[in-house]
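Please examine the structure shown here.

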Amino acid sequence: QVQLVESGGGLVQAGGSLRLSCAASGRTFMYAMGWFRQAPGKEREFVASIAAWGGISPTYAESAKGRFTISRDNAKNSLYLQMNNLKLEDTAVYYCAAKRIGSAQYEYWGQGTQVTVSS
């Protein structure tokens, strides 16, 4: 069982930066991990994902490419999302998720952290 807790959300002006963190309770080095977000009135959407091991490039949604960077520290059981040049449309609740290698769907989810971008 893996428990995930996000932090680092907040209020930021457009063009600013935030770094989200996700702390995992278990050993997540065998899990692929990702960030998702859900804006008010919209479905949850994929933001970025990173493989369990190095050597595989992370994957990003088109909206995140060039602005967001996903990274992980397996020694600390932590996942990060560096978000730069934030836009109003990035306002959402951001969720951390994890899935075992080979699993088709993400199995574990955090509670989310709110990111609000103001003009």
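Leaving aside its neighbours within four places in sequence, cysteine 96 is in contact with Leu4, Glu6, Cys22, Met33, Gly34, Trp35, Leu79, Tyr108, Trp109 and Gly110. The model is a predicted one. Cysteine 96 belongs to strand β9, which covers residues 92-100. Because its relative accessibility is 0%, under the 20% limit, cysteine 96 counts as buried. The C-alpha atom of cysteine 96 is 9.6 Å from that of serine 49, although 47 residues separate the two along the chain.

In soluble globular proteins, nonpolar side chains tend to be buried together. Here the largest nonpolar core has 28 residues, of which Leu4, Trp35, Leu81, Met83 and Tyr94 touch the most other members. At least two residues of this core come from each of β3 (18-24), β4 (31-38), β5, β7 (68-73), β8 (78-83), β9 and β11 (113-118). Beyond its neighbours within four places in sequence, leucine 4 has contacts that include Cys22, Met33, Cys96 and Trp109.

Charged side chains form another part of the picture, with 5 salt bridges in the whole structure. In one of them, glutamate 45 pairs with arginine 37, their closest N and O atoms being 2.6 Å apart. Glutamate 45 is partly exposed at 36% relative accessible area, whereas arginine 37 counts as buried at 6%. Another salt bridge joins glutamate 107 to arginine 100 at 2.3 Å, N to O. Through shared partners, salt bridges link Arg37, Glu45, Arg67 and Asp90 into one network.

Tryptophan 53 lies in the loop between β5 (45-50) and β6 (59-60).

Terms used
Residues are numbered from 1 along each chain as its sequence is written. This is a predicted model: local features need pLDDT of at least 70, side-chain atom pairs count only at pLDDT 80 or more; totals for chains, interfaces and linings use all residues. Side-chain values use heavy atoms; hydrogens and water are left out. Helices (H or I, at least four residues) and strands (E, at least two) are DSSP runs, numbered from the N terminus. Buried means under 20% relative accessible area, exposed over 50%, partly exposed in between (1.4 Å probe, protein chains only). Contact means heavy atoms within 4.5 Å. A nonpolar core is a set of buried Ala, Val, Leu, Ile, Met, Phe, Trp, Tyr and Cys residues joined through side-chain atoms within 4.5 Å. A salt bridge is a side-chain nitrogen of Lys or Arg within 4 Å of a carboxyl oxygen of Asp or Glu.
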